Amino acid sequence: MKEKTIYIPGRYNYIACFLTLDCNFKCDYCINSHHGIKKHKSFPFSGKKWVSALNRLVSRTDLPITLQGGEPSLHPDFIWIIKNIKKEVNIDILTNLSFDINRFIKEVDPSRLYREAPYPSIRVSYHPHFMELDKLMIKVLKMQAAGFSIGIYGVRHPNLKSEIADAKDKCSELGIDFREKEFLGKFGGKLYGEYFYPEAVSGNNKKKCRCRNSELIIGPDASIFKCHHDLYDRVSSIGNLLDPCFEIKDVFRDCSSFGDCNPCDIKVKTNRFQIYGHTSVEIKDIKSKN
Ligand code: SF4
Ligand code: SF4
């Protein structure tokens, strides 16, 4: 059967490609383990399959495929995937930069990851408990010198505020783009983050609703999920990019997990035009289950 081209709906703001949910770090504030993933597990899905799946997508120039995880570079074919995704689709990377940057610089053309955008294409997350800032800055400067668009992000966790502020100062002095991200989730009995539907992340009794996403969530075997909650909690997928008939239906879907949503899906953020006040999902018809 001839494979259908998969068009990204014009309303979509993000394409999240989780090459793996594995990570070499174990940050206690990790949003990936906020709900379901107590133990990270590998999904053996080859680079060849990833490229066949991703090359079916037709996206806009301002809507890249973001390779993320977990730590995407733990995928054994990480570099091969980057080099073989079709050139018409832009690529971003979210990483903790624990990979071998010398090999990366040697094998990847910086222009493959470059595009006009108000943020870097390679966004490195800084985790003070697992990384030495000085070594990280050296790696980032080396990537910058090689022509890559790269910056560092630090999560403003209540326990890490001084480390993040310090890192920001040191990076600014060296000309490294350092940005802070708000901490999402519960800490010390308090819920942090600004949410479009606060009840959705309350952890109270789950309710039924209808929900539609503006992000394409691609799990580690190219399955498509309604949202991050479903990906992390292993709720059934709504399709797979390798299904020759698969197409993205931009519709509201029934959900019975409202109340247990992942903060990533509900937080207030900027859209692709950098306008604040957007959230990934739209939720309606919220009803109790009884
Ligand atoms: S580096 Fe990122 S993905 Fe890995 S444990 Fe830390 S927050 Fe989670
Ligand atoms: S209501 Fe929450 S759990 Fe259900 S699909 Fe929407 S974001 Fe996901």
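How many bridges join strand S4 to strand S5? Select residues 65–68 (S4) and 91–95 (S5): three bridges join these strands, which run parallel. Within this pair, Thr66 has Asp92 of S5 as its bridge partner. Strands (E, at least two residues) and helices (H or I, at least four) are DSSP runs, numbered from the N terminus.

This is a predicted model: local features need pLDDT of at least 70, side-chain atom pairs count only at pLDDT 80 or more, and totals for chains, interfaces and linings use all residues. Residues are numbered from 1 along each chain as written, chains are lettered from A and ligands numbered from 1 in the order written, and side-chain values use heavy atoms, without hydrogens and water.

Next, show the whole sheet. Nine strands form an open, mixed sheet in the order S8-S7-S6-S5-S4-S2-S12-S13-S14, where two strands pair if DSSP finds at least two bridges between them. S8 (178–182) and S14 (239–240) are at the edges with a single partner strand each, so one side of each has no neighbour in the sheet.

Now select residues 161–174, helix H5. H5 lies across S6, S7 and S8, at about 160 degrees to S8. Angles run from 0 to 180 degrees between N-to-C directions, with axes fitted to C-alpha atoms, for helices over the stretch in contact (heavy atoms within 4.5 Å).

Select Leu57. Among the residues that Leu57 touches, leaving out those up to four places away in sequence, are Ile6, Ile65 and Leu241.

Finish at ligand 1. Cys23, Phe25, Cys27, Cys30, Gly70, Asn96 and His127 surround ligand 1, each with a heavy atom within 4 Å of it.
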